[in-house]
Amino acid sequence: MKMKQHMTLKDLARELGISPSTVSKALNDSPEISAKTKKKVRELADLLQYYPNSFAQGLKYKRTKTLGVIVPAILSNFFSMVLDGIEEKASELGYRIIICISKESLEKEKLAIDMLIKSQVDGILLSPSKETQASLNIKHLQAPKNYGIPIVMFDRLIKEIEADKISINDCLEAELATMELIKSGCRNVVYFSGMATTSVNEERKQGYKKAMENSSATARIIEIDFSKDEGEKFKSILEENSIDGILTSDELTTVQTARNVLTCGYKIPKDISIIGFTNGKMGENFMPSLTTVDQKAKEQGEIAVQTLIDRLEDKLPLESIEFILKAEIIHRESTKNAMIPI
């Protein structure tokens, strides 16, 4: 079966008996063209299902109005909310997006960068994979610059890459969340890490340590993987450390931690209080609902897009800039009210 040929601007001009430049101007609402001609051109374009060749337009204007996006995962509530912000802002500003998922793989991230360069995207929005951050193998992230394609990084950052960056102050927010647990009466607060080798995890660990040093309590950082059967190990960790407060690295780890705390027979927050990161639906709908640090995921996506487009339109200084959003703690049922000092 022969495929239907794509209708071109020249085909429209031939059908109407006018020049291709007149057709182009009519479709772009040029004031040089009469309303009657514009109407006639648009009606025929709709009838014959004419679509502008955005690739050819990109070559002409040196823009494709397309942005590439690379995220480590799509199932994470955090990255889903970031993507929502990216899509909404890009659409508002007249840009399309191509979404790639690295699945925390360095190799998949390299392939995505290569594909986006070949697709002639105007710019790339990126949150690096765990493997990239762990290995610091970043040569592929420097390639877009050779083609004049700027990168904006969000959430996870690599300081060795020259790029505009969007994030929260993970160190400070983890410190404040830990202090919140201490103020509510917790004396043995631990940090449960479920996302090792990422920049955000390292920053959150540092913030947790700062808060524990200021309180003269002992800091305990525990790497945990709930994908493995760690039920008995988890119970012994709770008992041996007399844990009464937990800060977790991300939403999935928070939910899994809370579930295991309840399974072990402890009550939340009577016996153990919990605060996590990411203000997503899982934590909000868990029973009890989980107190969390709102990372402003959607806002990160929106600001990342605006920053990238401002960079493309030369509205920013030559040196890279960094936006740090103020996060906030959303108080729910997994923590007690802060104790008022007498």
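Keep in mind that the model is predicted.

**Helix pairs**

- Two packed helices are described by the angle between their axes and the distance between those axes.
- Take H5 (residues 77-92) and H14 (residues 297-312): their axes are 7 Å apart and the packing angle is about 40°.
- That angle makes H5 oblique to H14, and H5 passes H14 in a right-handed crossing.
- On the H5 side, the contact is made by Phe 78, Met 81, Val 82, Asp 84, Gly 85, Ile 86, Glu 88, Lys 89 and Ala 90.
- H14 brings Ala 297, Lys 298, Gln 300, Gly 301, Glu 302, Val 305 and Gln 306 to that contact.
- Sort the residues of the H5 and H14 contact by type and you get seven nonpolar, four polar and five charged.
- Now for H2 (residues 20-27) and H3 (residues 35-47): their axes come within 9 Å and cross at roughly 90°, so these two helices are roughly perpendicular to each other.
- Thr 22, Val 23, Ala 26 and Leu 27 of H2 meet Thr 37, Lys 38, Val 41, Arg 42 and Ala 45 of H3.
- The H2 and H3 contact divides into five nonpolar, two polar and two charged residues.

**Nonpolar cores**

- In soluble globular proteins, nonpolar side chains tend to be buried together.
- The largest nonpolar core here has 37 residues, and the ones touching the most other members are Ile 86, Leu 125, Phe 154 and Leu 247.
- A second, separate core has 19 residues, including Phe 192, Ile 243, Ile 246 and Val 261.
- Back to Leu 125: leaving aside neighbours within four places in sequence, its contacts include Ile 86, Phe 154 and Val 305.
- Ile 86 and Val 305 also turn up in the contact of H5 with H14.

**Two glutamates**

- Glu 173 sits in helix H9 (residues 170-183).
- Is Glu 173 buried or exposed? Its relative accessibility is 3%, so Glu 173 counts as buried.
- Beyond its neighbours within four places in sequence, Glu 173 is in contact with Ile 168, Phe 277, Val 293, Lys 326 and Ala 327.
- Glu 333 lies in the segment after strand S12 (328-330), and with a relative accessible area of 48% Glu 333 is partly exposed.
- Glu 333 and Ile 274 are 59 residues apart in sequence, while their C-alpha atoms are 9.2 Å apart in space.
- Again leaving aside neighbours within four places in sequence, Glu 333 touches Ile 268, Pro 269, Pro 288, Ser 289 and Thr 291.

Definitions and conventions: Residues are numbered from 1 along each chain as its sequence is written. This is a predicted model: local features need pLDDT of at least 70, side-chain atom pairs count only at pLDDT 80 or more; totals for chains, interfaces and linings use all residues. Side-chain values use heavy atoms; hydrogens and water are left out. Axes are lines fitted to C-alpha atoms, for helices over the stretch in contact, and angles run from 0 to 180 degrees between N-to-C directions. Helices (H or I, at least four residues) and strands (E, at least two) are DSSP runs, numbered from the N terminus. Angles under 35 degrees count as roughly parallel, over 145 as roughly antiparallel, 65 to 115 as roughly perpendicular and the rest as oblique. A crossing is left-handed if the near helix is turned anticlockwise from the far one by less than a right angle, and right-handed if clockwise. Contact means heavy atoms within 4.5 Å. Ala, Val, Leu, Ile, Met, Phe, Trp, Tyr, Cys and Pro count as nonpolar, Asp, Glu, Lys and Arg as charged, and the others, Gly among them, as polar. A nonpolar core is a set of buried Ala, Val, Leu, Ile, Met, Phe, Trp, Tyr and Cys residues joined through side-chain atoms within 4.5 Å. Buried means under 20% relative accessible area, exposed over 50%, partly exposed in between (1.4 Å probe, protein chains only).
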